[in-house]
Each structure stands twice: as C-alpha cells, then as structure tokens.
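Hi,

Here's the structure I promised to send over. Have a look at it first, then read my notes below.

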Amino acid sequence: MKKSWIISLITSFVLLGGVLLSPAISADAAKIATSTYSDSDQSYAEFEEYTNQLFALETYEAKAITALESIDTQVTSTNRKSMYLKLTNTVIPNYTKLVSKAKQIKPTNPQIKKIHATFVKASYTQLEGYLLYQKAVSKNKVNYTLLKQGSAKVNTASVLMDQCEQQLYAYARSLGYDS
C-alpha cells in the first residue's frame with residue numbers, strides 16, 4: 001500500500017525547511033515592509049493560514065498511516081481480522097476526522113478554494129477506499145473484488161492529491177515562494 005499523499009505534502013514542506021512558508025528574499029523586501037496592506041500581502045496571509053490549517057490535519061493522517069504501515073500488504077484469511085481491526089479502530093476514525101476537519105476549512109481566496117476542493121475530494125476518495133478495504137475484510141472470507149475496488153479508489157485519491165500538490169506549489173511560486 002502506498003503512503004498517503006498528505007504526509008508527502010507535509011513532509012515536502014518540512015523537508016524544504018519552511019522555505020515554502022517563508023517569503024523569498026528579494027530586492028522588494030524594503031518596499032513590502034513600508035507598503036500598506038496589499039492584495040499580495042493578503043494572498044500571502046491567506047496562503048499561510050491555509051497551509052497552517054493543513055498542518056493541523058497531520059495528526060489524523062499520521063495515526064492512520066502508522067496503522068496502515070503495520071498491516072501486511074498481502075491480505076489473507078489469516079491476517080484479515082488484524083487488518084479489519086486496524087481499519088475499524090484507527091485508520092477509518094482518523095481519516096473520517098481528517099475529512100471532516102478538511103471540510104470545515106473555508107478559504108476565501110478563489111485559487112486556494114479551487115486547490116482545497118481538490119484536496120477535499122482526494123481525502124474523501126481515500127476514505128472511500130479505506131471503507132471498501134474494511135468491507136472486503138469484514139467477513140471470514142476476503143472479498144477480493146471489494147479489495148480491488150478499494151485499491152482503485154486509493155489510487156484515484158493519489159492522483160487527485162498529486163494534482164492538488166502541483167496546484168499548491170504553483171500558487172506558492174506565484175506568490176514569490178522559493179521551490
């Protein structure tokens with residue numbers, strides 16, 4: 001099972017040493033310091049607020065991923081129950097919280113709204129995949145058809161999150177952040 005994409009997104013920010021969250025040093029720094037509150041200042045503040053709200057979701061994602069990583073990638077009748085319990089007790093509750101909290105984020109900036117809509121869709125699709133995994137292993141006999149459908153949902157979510165990440169980076173660069 002692939003690692004989830006939000007961890008990848010957050011890890012990317014962390015590995016960049018906060019570069020994405022700090023404005024690029026430029027010759028305009030003095031001008032910005034003396035200017036009044038402008039559209040670019042507002043866009044920067046909205047972007048920073050949005051990324052901080054995404055970081056707040058990391059706890060839920062980390063718990064879900066840790067549980068998923070402890071599950072064998074091959075589902076069999078012998079490890080089915082363990083997988084079911086981890087999905088039921090840890091993965092799905094934490095991912096449900098992540099989706100719920102993500103839906104509560106209401107960006108006002110039109111570009112961030114579009115990015116966030118993709119993020120919510122990706123997160124929800126990921127949750128749907130996990131729910132299908134849970135259903136696939138809920139009975140004594142593993143339902144491989146449902147498992148395959150769950151995997152397709154998780155793969156779709158990964159593609160959507162990659163799109164979201166690319167949009168987020170492009171928007172950050174448009175604001176003058178280093179990449």
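What pattern does the protein follow, read along the sequence? The answer is α-α-α-α-α-α-α. The protein has 7 helices and 0 strands; these are DSSP runs numbered from the N terminus, with helices (H or I) of at least four residues and strands (E) of at least two.

Before you go further, this is a predicted model: local features need pLDDT of at least 70, side-chain atom pairs count only at pLDDT 80 or more, and totals for chains, interfaces and linings use all residues. Residues are numbered from 1 along each chain as its sequence is written, and side-chain values use heavy atoms, with hydrogens and water left out.

Now the overall numbers. Of the 179 residues in the protein, 42% are buried (under 20% relative accessible area, 1.4 Å probe, protein chains only). Take the contacts (heavy atoms within 4.5 Å) with a separation of 6 or more: 81% of them are between residues 24 or more positions apart.

Asn79 counts as buried because its relative accessibility is 13%. A polar atom of its side chain lies 2.7 Å from the backbone oxygen of Gln74, and the backbone nitrogen of Thr76 also lies 2.7 Å from a polar atom of the Asn79 side chain. If you leave aside neighbours within four places in sequence, Asn79 is in contact with Asp72 and Gln74.

Cheers

Key
Buried means under 20% relative accessible area, exposed over 50%, partly exposed in between (1.4 Å probe, protein chains only). A polar contact is a pair of N or O atoms within 3.5 Å; within protein, one must be able to donate a hydrogen and the other to accept it, and residues adjacent in sequence count only if both atoms are side-chain atoms.
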